[in-house]
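Welcome, and please take a moment to look over the entry below. We will then walk through a few of its parts together.

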Amino acid sequence: MPTVTLTRNQRALAWALGIMALLAAVAVTRHHLEMMDHSPGGHYLTWGHAISQQAPDYILWALTIPLVYLFVDRVARRRWGWPRTVLTHAAFALVVALAVILLRNGWYGAKDFGTIMTSILPSQLFTYAAILGGVLAYHYSRVFVEREVELADARLRALRAQLRPHFMFNALNSVAMLVRSGRGTEAVDTIARVSDLLRDGLVDDDRAEVTLEEEVALARRYLAVEEVRFADRLEVQVDLTEQAKAARVPRLILQPLVENAVRHGIGARAAAGRIGIRARVSGRELIVEVADDGHGPAVLTPRPPLLSGEGGTQVSNGVGLRNTRARLEAAYGSAARFTLEHAPDGGAIATLVIPLRFDVGAQHAAPLPTP
Amino acid sequence: MTRLRVLVVDDEPLARTGLSELIRKDPELESIGDCADGQAAVEAIESLQPDLVLLDVQMPEIDGFGVIRAIGAERMPPVIFVTAYEEFALEAFRVHALDYLLKPFSDAELAAALGRAKRLIRDDGLHQLTERLTELVGSVRPESKYLSRLTVRVAQRVQIVRVTEIDWIEAADYCAKLHVAGTAHVVRVSLGALERLLDPAAFVRVHRSAIINLDRIREILSDPTGDGVVVLADGTKVRMARSRRAAVERVLGKAL
């Protein structure tokens, strides 16, 4: 679980054990009181006996909680369909329940197979279901919080990029120079573009996902200002298929990639450069590429061997793009991929592969496969 | 009165041409060219010897400080730094009392900065400036990255040469000849400037007129007088001066 720190796990375990201890205390007390009721001869059970009857069960189940949590997390990351997820869960439930039964046999004495199957297994499965419910609730609340945090983070970073003093002042300088050379129309255009960008940064948009078309429009507004700054040195090409335009992507996922392309592809050299944003749908996946024809991504470690990807050399963790990976992970688990590679003809290609999803409205609008 | 010859260096086309345009409007100034990157700036400063340089701080490859480092503070003409927003640079300029312009600047701000530069040049306050520049280059980002690529002109094309591809560099008049896999490219940058731009852990000057890539050394033959010959991987023999011997030993970490 890459996003979970050890201390967080330990805290979660402490909580789980605490809750189980509380439940165990209640059960022990109940057991004690029940025994008092049912023993008219005044045959009282001691607290010690009550504890020894109840505690092992609760301790055993408490110990399974981290295991169940890990399992839930792993399964959630796989993004399987319902049938497979349910089957996997059922199998795991059986395994855990049987393991618990075996272990408690050691304490309570072995029961015959029939008793186990008819009375003990169902009751243990019931306990498992209760634990699973709790764990799922905890898991999804955390996934939700993580996504919120990632999005808030991305918004802040994008805002900072747009308001980055160096960028803003250079853009304003471009305007000043356009005015001085009497190119009023272009100066006004640039002011409008800079304003668009500022508005993008200031607008209060809480959506976690937008359509790719909206996302690319945002990136283009940023690039539009860069185009003025770099004039003959920057050329932007956008190529999206109709289907890809309607696909949903995490909001602001492209901004850091585009910025990176400008900084490393254009900003870091004197010759003219091209930036390409391409997207297409392949099967059940959306593939988005941001390419520049600069010097290629910085390779901090010796160039790794050809691993994968479309004709390029895969590059080890691009510095500064770790957040992109983290956001994809939070939103899609292992169903999404992100690579930064050397392009075959120089330059770099950042590739996002994310599960294809459409807005409810857009889904109808998108061309449906003919039956 | 002769007009002051001004060079403009900025990587953004609008900023560069706009500034040159403004320079041309000043009857006391003459715009002698503009450069889009650090290497071009080094070439132009060495060959044109301008009286004043308007120097953008942030540029690809060799930035404004890299240009000064390459030329050498003592040979650097008076300079007005032009910057959008580089906190560390502004701090450095203030500390060393060097003039700078903040983008975007008004005509009046530019005129004031140019006025100060003109007075400085006429009153011959240049040695002061040299001192401040020396301090500046010494204080600003000593860890600043070294040159990784050079552009060379091959016929009508501009070609990129990665410094790791360079076998050795030979001085040729005021230019330098880069030997890259059997081909020689001439760049109009002095050997001294190149030496200051290249990573000293990867390149070493073995002679007044030669720098070699340490990775290409196959063997070093020395004779009793102390002079020697460095044999490169492709068999090229480059003379090593006695005076450079200690420097070569230092980077190799071995006594020869």
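Predicted model: local features only at pLDDT ≥ 70, side-chain atom pairs only at ≥ 80, totals over all residues.

Within the pairing, Phe203(B) stands opposite Asn213(B) in E12(B).

These two strands belong to an open sheet of 5 strands in chain B, ordered E10-E9-E8-E12-E11, with antiparallel pairing. Strand E10 (183–187) and strand E11 (203–207) of chain B each have a single partner strand, so they stand at the edges with one side left without a neighbour in the sheet. From one strand to the next, the twist averages 25°. As background, strands of a sheet pair through backbone hydrogen bonds, either parallel or antiparallel.

## A hairpin in the open

Further along chain B, strand E13 (residues 217–222) pairs with strand E14 (residues 228–232) in the antiparallel sense, over 5 bridges. Ile220(B) stands opposite Val230(B) in E14(B). The hairpin has 5 residues between the strands, and Gly226(B) takes a positive phi near 105° there.

Is E13(B) in the open or buried? Of its 6 residues the number buried is 0, so E13(B) lies largely in the open.

## Gln159(B) and its surroundings

Gln159(B) is found in strand E7 (residues 157–162) of chain B. With 13 other C-beta atoms within 10 Å, Gln159(B) is partly exposed. Setting aside neighbours within four places in sequence, Gln159(B) is in contact with Val152(B) and Val154(B). His185(B) is 26 residues from Gln159(B) in sequence, and the two are 9.7 Å apart in space, C-alpha to C-alpha.

## Chain A and its helix H5

Chain A has 11 helices and 7 strands. Of its 371 residues, 30% count as buried. Among the contacts in chain A with a separation of 6 or more, 75% come from residues 24 or more positions apart.

Just after H5(A), Gly182(A) takes a positive phi of about 75°.

## Where the chains meet

How many residues of chain B are in contact with chain A? There are 17, in contact with 22 residues of chain A. On the side of chain B that touches chain A, the largest share, 5 residues, comes from H1(B). By class, that side has 9 nonpolar, 2 polar and 6 charged residues.

## Nonpolar cores

The largest nonpolar core has 120 residues, and those with the most contacts inside it are Val258(A), Val42(B), Ile169(B), Leu194(B), Ile211(B) and Ile212(B). H7(A) gives the largest share of this core, 9 residues. Apart from this core lies another, of 15 residues, among them Met20(A), Ala97(A), Tyr128(A) and Leu132(A).

Which residues is Leu194(B) in contact with, leaving aside its neighbours within four places in sequence? They are Ile169(B), Ala176(B), Val189(B) and Ile211(B).

How values were computed. Residues numbered from 1 in each chain as written. Chains lettered and ligands numbered in written order. Pairing = 2+ DSSP bridges. Helix = DSSP H or I, 4+ residues; strand = E, 2+ residues; numbered from the N terminus. Axes fitted to C-alpha atoms, helices over the stretch in contact; angles between N-to-C directions. Contact = placed C-beta atoms within 7 Å. Nonpolar A, V, L, I, M, F, W, Y, C, P; charged D, E, K, R; others polar. Buried ≥ 20, exposed ≤ 12 C-beta atoms within 10 Å, placed from the backbone. Core = buried A, V, L, I, M, F, W, Y, C linked by C-beta atoms within 7 Å.
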